[in-house]
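User: I am new to this structure and would like to learn how to read its interfaces. Please take me through them.

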Amino acid sequence: MNVFFYIAAAVAIISTLMVITRKHPVHALLYLIVSFMAVAIIFFQLGAPFVAALEIVLYAGAIVVLFIFVVMMLNLGRETSLQEKTWLNLATWLLPGVLGAILLIELIYLISTQPNETLTIAEIEPKAVALSLFGPYVIGVELSAMLLMAGVIGAAHIGRRTIKHYHRFLQEETK
Amino acid sequence: MSETLNYWLVIVGILFVLLNIAAFLIWVERRMLALWQDRLGPNRAGPFGLLIILADTLKLFFKEDWIPPFADRHVFVIAPAVIVISVLLSFAIIPFAPAIQIVDLNIGLLFFLGMSSLGVYSIVLGGWASNNKYSLLGALRGASQMISYEVFMGLSLMGVVMLSGSFSLRTIVEAQKDYWFVLLQPVGFVIFFIAGIAETHRLPFDIPEAESELVAGFHSEYSGMKFGMFFIGEYLGITLISSITVALFFGGWLGPAFLPPLAWFAIKTAGFILFFILLRASLPRPRYDQLMEYGWKILLPLTLLNLLVTGGIILFLNQP
Amino acid sequence: MTPTEKLATELMLKFGDSVLTQQQTADEVATFWVAKTHILPVLAYLKKESPEPFPLLYDLFALDERSRSDHKTYPSKDFTVVYHLLSFKRNQFIRLKIALKGEYPSAQTLTHLWPSASWYEREVYDMFGIRFEGHPHLQRILMPLTWQGHPLRKEHPARATEMGPFKLWDEKVDTEQDALQFKPEQWGLQRHSDDADFMFLNIGPQHPGTHGVLRIILQLDGEDIIDAVPDIGFHHRGAEKMGERQSWHTYIPYTDRIDYLGGVMNNLAYLLAVEKLAGIEVPDRVKVIRVMMCEFFRIASHLVWYGTFAQDLGQLSPVFYMFTDREKIFDIVEAITGGRMHPNWFRIGGVAQDLPNGWDKMVAEFIAYFPKRLKEYHNMVMRNSIFKARTVGIGIYTLEEAIEWGVTGPGLRACGLEWDMRKKQPYSGYENFEFDIPIAQNGDCYDRAVVREQEMIQSLRIIEQCLKHMPEGPYKSDNSHATPPLKKNTMQDIETLINHFLNVSWGPVIPKGEAMSCIEATKGWNSYYMVSDGNTSPYRSRIRTPSFPHMQMLPYISKGYTVADLLSILGSMDYVLADIDR
């Protein structure tokens with residue numbers, strides 16, 4: 001069990017590193033998918049199969065597709081690669097890198113000072129997830145639903161643009 | 001030890017049978033189309049032209065494996081593998097018979113949805129990496145079509161999940177002992193099947209390929225076995241959707257006892273595969289925007305309504 | 001007063017003798033020479049002001065007159081540009097000619113009067129080097145952009161053997177490669193708009209949806225068509241030029257291959273013109289046989305269109321059923337003519353042989369068999385809701401637009417105009433048949449399909465009447481120009497024997513003059529305008545085909561639709577590449 005965890009964790013870390021360092025956006029996104037899948041496997045091993053499935057269905061299967069969709073539409077090619085290259089300059093990543101490193105040190109310290117307990121893994125069935133979501137956490141679900149609704153409406157509003165008609169009949173109407 | 005061996009045998013056996021079915025479907029589709037179109041179809045090589053399978057496979061293997069110089073090499077190579085892998089993985093959760101199932105996940109249906117959502121990448125990446133305008137258009141169409149129809153696909157299944165109280169396919173099949181879910185969830189079945197056709201991008205939803213417009217769309221640039229992977233992926237997809245439909249709505253392996261459970265499953269699945277082919281023989285292709293409109297404006301409200309009604313009835317019946 | 005005289009009086013009163021000179025022709029189309037400077041006012045008057053106007057620019061072409069013995073006589077000319085107009089109110093054609101002088105003369109464009117003149121003028125420029133002043137985009141249309149010379153000029157070689165061996169020098173490779181480079185600006189297309197970068201998509205020359213070697217450059221915003229530019233000429237074989245070196249008789253097989261789905265229908269259009277020139281009146285049996293064969297080919301052509309149209313929209317099966325039925329028609333055609341798609345079976349003054357024994361049985365069987373099939377296809381294709389969704393309201397043009405752009409045939413009738421040349425200007429005895437003219441009102445892809453579908457039923461009616469009332473009599477005229485003359489008489493008297501000998505060895509000598517035919521072909525109106533200078537081969541053969549203006553209209557009617565709709569529009573247009581390019 002542990003071996004699989006470490007393999008998945010290593011894959012997740014390496015692929016995430018690749019996401020950051022790839023110059024081509026599509027390649028970076030492909031590594032992001034791998035990273036999501038590795039994380040999904042970790043979730044699965046930790047006894048949360050439902051979350052693992054959602055990780056793949058939603059993140060890897062839907063959201064990143066949309067990212068790639070946009071990249072394809074914008075036809076980002078060589079120019080973006082060059083632009084990305086400039087971001088890999090020492091000057092660009094030095095400060096964020098240092099700040100990130102501080103956080104990392106903190107994290108390692110905290111983990112190492114924790115009492116060394118073995119994690120007991122209890123598998124949580126989808127049914128249990130559902131019961132808790134619609135039981136004690138129902139207000140959270142409702143609130144996030146409302147938030148999402150607002151998001152949908154906002155997106156629809158922002159995305160709305162005057163549709164340009166090229167058909168000759170429709171052009172006469174708008175004139 | 002023998003249990004582990006048995007387990008591996010099942011896996012290898014299923015893989016072997018599936019790949020053979022996918023190859024066999026080449027022949028079935030061509031012969032059935034020919035039958036429905038007043039033609040003969042391939043009938044020369046071997047008995048009933050069955051050796052055409054061998055000939056086709058050999059041809060695909062020995063064709064020049066060409067990667068266009070303008071393509072994104074790595075992505076171009078990965079794309080066809082994605083579809084075959086994601087579809088084959090989905091078969092892991094399908095209960096072919098009481099004893100034949102690779103793994104009975106308690107999130108079985110979600111696993112299937114996850115895998116089919118990963119299948120989109122095959123089209124998107126294949127079309128993008130080809131660096132060809134037709135392929136790109138095909139990929140764009142394919143991506144939006146499949147993402148949209150995944151939504152309805154997932155939602156249309158929830159009725160079944162409510163009725164059986166589980167995501168596990170085995171539980172769902174066993175819950176159909178008395179009556180098939182198609183009787184309780186006719187709307188869910190129809191929507192799932194439509195979404196399934198869209199997921200496998202078969203006619204009438206073959207818009208990403210649209211031979212007469214986009215010249216094979218996302219796989220225009222593919223040849224040899226890379227094209228063969230798309231080809232096999234498509235047939236595997238048909239088999240997958242057919243077998244999931246059977247498991248969810250038509251009682252899976254259940255049937256009168258004079259035939260073994262596996263036979264019932266196979267017969268029902270074959271029926272749906274033939275229906276896929278019949279659809280291809282009879283329907284024209286809608287336009288891309290019509291397809292999307294149909295999905296979002298008709299199928300989505302219908303699915304939600306179906307869920308509401310199903311939930312309401314279950315609540316009503318379960319009242320103490 | 002005949003219509004021609006009436007028209008002549010009207011024009012003379014308006015413009016006077018100095019502008020117009022009437023000319024007599026063999027085909028009785030009112031023909032006037034117009035002073036070059038006055039052609040635009042005359043045309044404008046005919047189109048707009050005349051009480052019974054001529055709204056349709058039917059054809060526009062040129063002649064190289066320099067090798068004609070009489071080209072110095074009045075009006076003295078080196079080149080002639082000919083305009084054919086049609087008036088629906090008068091049911092009459094008018095032919096206007098202008099005389100041009102000089103090696104590379106120029107004339108005024110009439111693209112502002114008729115948008116459809118654009119391609120015709122480009123063709124004249126391409127073929128003769130005549131420039132049209134004010135033309136928005138005067139560029140070669142049929143020949144490659146790198147072509148040297150203008151093919152229909154008399155000095156341009158007609159055979160490859162007259163041109164010297166072909167050499168592909170490095171420089172030539174470079175220029176040809178350069179010409180292949182796609183530059184949007186060259187085609188009048190912009191790369192960007194205010195808020196979008198456009199994508200240019202090359203449909204063709206090899207594309208399953210174009211039914212042949214046709215290239216359409218699409219300017220796309222997403223999948224919306226901003227503009228489309230058809231690039232034609234890939235199928236250009238110089239059929240008109242070939243006419244000038246073939247004898248009147250040996251040109252018949254070339255006509256078969258113009259609208260290659262129309263088979264003998266093309267023969268008919270050509271022969272009607274020749275027979276007018278030669279003054280041949282064909283026997284009744286010939287007329288009915290010709291009508292029957294033409295209607296068979298109309299059904300065969302419509303079946304191909306029907307099947308491929310459905311296939312373009314993704315319906316795979318109908319085309320197989322329809323080709324099976326077409327095969328049944330070809331069985332009959334084969335039994336009668338010995339050929340299938342290009343039987344080359346009509347002859348000057350008749351047909352090649354009499355009908356074989358038992359033809360009536362085959363035809364009767366087909367008449368009994370076919371209506372049931374049509375009903376089935378109607379249910380399968382026309383009533384299919386996806387098919388309707390793909391065709392209703394797509395590719396609309398109004399009747400005015402159709403006339404403006406020179407649309408003829410089913411495309412015109414789909415806009416609600418009940419105009420069929422078989423009824424309005426009957427030829428080959430069509431006036432003796434009973435049939436209806438199917439029309440539709442909306443002028444969209446679906447309506448064009450409805451019209452063609454109904455036409456097949458009407459064609460079947462005509463064939464049935466041919467079967468029932470096939471007259472007895474000879475299958476060839478006894479006119480001395482008929483080629484080859486009836487064999488039986490050759491052994492009787494020396495006159496026919498000599499005629500037979502000459503007609504077979506040299507080919508017939510057709511009297512001087514010019515004549516135009518106009519028939520309702522499968523895809524629209526097809527015309528052959530033949531000019532004879534009293535020789536064994538035509539001096540000029542002009543082929544007016546319906547697909548040419550239809551294709552020219554494509555950008556106009558496809559703007560604002562999507563790529564998928566373009567396929568519906570192309571499919572419903574029913575064109576044949578050889579019919580566009582000749």
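Analyst: Start with chains A and B: 15 residues of chain A are in contact with 19 residues of chain B. Two residues count as in contact if their C-beta atoms, placed from the backbone, lie within 7 Å. This is a predicted model, where local features need pLDDT of at least 70 and side-chain atom pairs count only at pLDDT 80 or more, while totals for chains, interfaces and linings use all residues. Residues are numbered from 1 along each chain as its sequence is written, and chains are lettered from A and ligands numbered from 1 in the order in which they are written.

User: Which helix gives the largest share of the side of chain A that touches chain B?

Analyst: Helices (H or I, at least four residues) and strands (E, at least two) are DSSP runs, numbered from the N terminus. Here helix α3 (residues 49-74) of chain A provides 12 residues, the largest share.

User: How many nonpolar residues are on that side of chain A?

Analyst: Ala, Val, Leu, Ile, Met, Phe, Trp, Tyr, Cys and Pro count as nonpolar, Asp, Glu, Lys and Arg as charged, and the others, Gly among them, as polar. The side of chain A facing chain B has 13 nonpolar residues, one polar and one charged.

User: How many residues of chain C are in contact with chain B?

Analyst: Chain C places 27 residues in contact with 22 residues of chain B. Elements of chain C that each supply at least two residues to its side include β8 (199-203) and α8 (284-312). By class, that side of chain C has 14 nonpolar, nine polar and four charged residues.
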